[in-house]
Amino acid sequence: MSQEIEPNSLTSQTTPYNQLNFQQKQQRLKELAVVFLQLGLIAFGGPVAHIAMMEDEIVKRRQWLTREKMLDLLGITNLIPGPNSTELAIHIGYEWGGLWGLIIAGLCFILPAFFLVWFLAIIYVRYQSIPQVEWLLYGIKPVIIIIILQALWKLGRKAIKNIPTAIAGMFVISAFFLGINELLLLLLSGLWVMMVKNWLKNQTIGFFLLPFSSLIAQVNSTPEYSANWWRIFLFFLKIGSVLYGSGYVLLAFLQKDLVERTGWLQEQQLLDAVAIGQITPGPVFTTATFVGYILAGNAGAIAATIGIFIPSFIFVAIINPWVDKLRQSAWTSGFLDGVNAASLGLMAVVTYTLANAAIIDNLTTLLALLSAVALFRFRVNSVLLILGGGAVGLIGQWLG
């Protein structure tokens, strides 16, 4: 998965994409396709784990971006609607390969999960059951926790720059357990660090928040209509344009609109759809693919997937060119520092929650400890650790 940077390639590593020749551009696009197809195939564990794997591959192994740049991109993704890890992949693609890179990185990260979920949806509709893959998750989850902790440690050393950012991170961790909205926590942290850094009266900075949500939020399915691919597309386009947070927030949207209001789905079907999104690699939002297939077959699966993901491509294409300018401004630089610290705080909370669910007995505890030694001491590739965790889970199933 990783590759060392050879001396004769250092120039192309640091040259902006638009200044490369045709062959160098093609090489970069091929590299993006390979990296994100591979990540799309093995990125289990949800957005936080995906971000950790991207940090390991993009920053540490390939050195395409600095850790500071990765943090800035992560902070920006937390301020726009949509799936964070997918948007981070799209940002990385834009940074490394321009608009074509944006498209290639995003599609390559999404498509493996899309096709796998689509296939499982076909089986589900035919047999009304979900393939049993608990053994796979049982062994993988403890490994994922360690990968996330490594990313938290590395990113945290860059994000926690001073006392104000440390306070912001601790504030987010504490406030999260009080049920305060995640977006509000990010905004408050950004404003706090910005004001402390500049000692000036706050100015308006929310110029890129919710760019289209007021227009699309009104697009709703109505109870008197049956589901078809076009209504499914509009419904998931709305969700992709306004939804902040994790797949659990997506569950709340689907429960309210598709189960309670329109009656398009049964509650058990919704729970099964979310389970499929959790046990497959790649974006959790491919739950939409499963729901779309249940409601309208192949056309529904495609329409739902395009609807929920296309806003992310548009938002990133609009915002990414401004990332460096935002960092150069004293105001937005302070704001991004606060958002970065808050993002790490949110990652820490999610990691704690995931660890409670992943490390449940002696074997998973041992797996987590061995993974920590392998990753922190011997720097073993995270892909190998994930494969090893899955293998241990399979062996445990056989022995059990």
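Guide: First, a term: a salt bridge is a side-chain nitrogen of Lys or Arg within 4 Å of a carboxyl oxygen of Asp or Glu. This is a predicted model, where local features need pLDDT of at least 70 and side-chain atom pairs count only at pLDDT 80 or more, while totals for chains, interfaces and linings use all residues. Residues are numbered from 1 along each chain as its sequence is written, and side-chain values use heavy atoms, with hydrogens and water left out.

Visitor: How many salt bridges does a search of the whole structure find?
Guide: Side chains of opposite charge can pair when their charged atoms come close. Searching the whole structure for such salt bridges gives a total of 10.

Visitor: Which residues are linked with Asp-56 in a network of salt bridges?
Guide: Start with the pair Lys-60 and Asp-56, whose side chains meet at 3.9 Å, N to O. Both sit in helix α3, 4 residues apart, about one turn of the helix (helices are DSSP runs of H or I, at least four residues, and strands are runs of E, at least two, numbered from the N terminus). The network linked with Asp-56 takes in Lys-60 and Arg-61.

Visitor: Is Asp-56 buried or exposed?
Guide: Buried means under 20% relative accessible area, exposed over 50%, and partly exposed in between, using a 1.4 Å probe and protein chains only. Lys-60, at 23%, counts as partly exposed. Asp-56 has a relative accessible area of 3%, so Asp-56 is buried.

Visitor: How many residues apart in sequence are the parts tied together by Glu-55 and Arg-67?
Guide: The side chains of Glu-55 and Arg-67 meet in a salt bridge, 2.7 Å from N to O. Glu-55 belongs to helix α3 (residues 47-61) and Arg-67 to helix α4 (residues 67-77), so the parts this pair ties together are apart in sequence by 12 residues.

Visitor: Is the crossing of α7 and α15 left-handed or right-handed?
Guide: The axes of α7 (residues 163-176) and α15 (residues 330-358) come within 8 Å and cross at roughly 40 degrees; axes are lines fitted to C-alpha atoms, for helices over the stretch in contact, with angles from 0 to 180 degrees between N-to-C directions. A crossing is left-handed if the near helix is turned anticlockwise from the far one by less than a right angle, and right-handed if clockwise. For α7 and α15, the crossing is right-handed.
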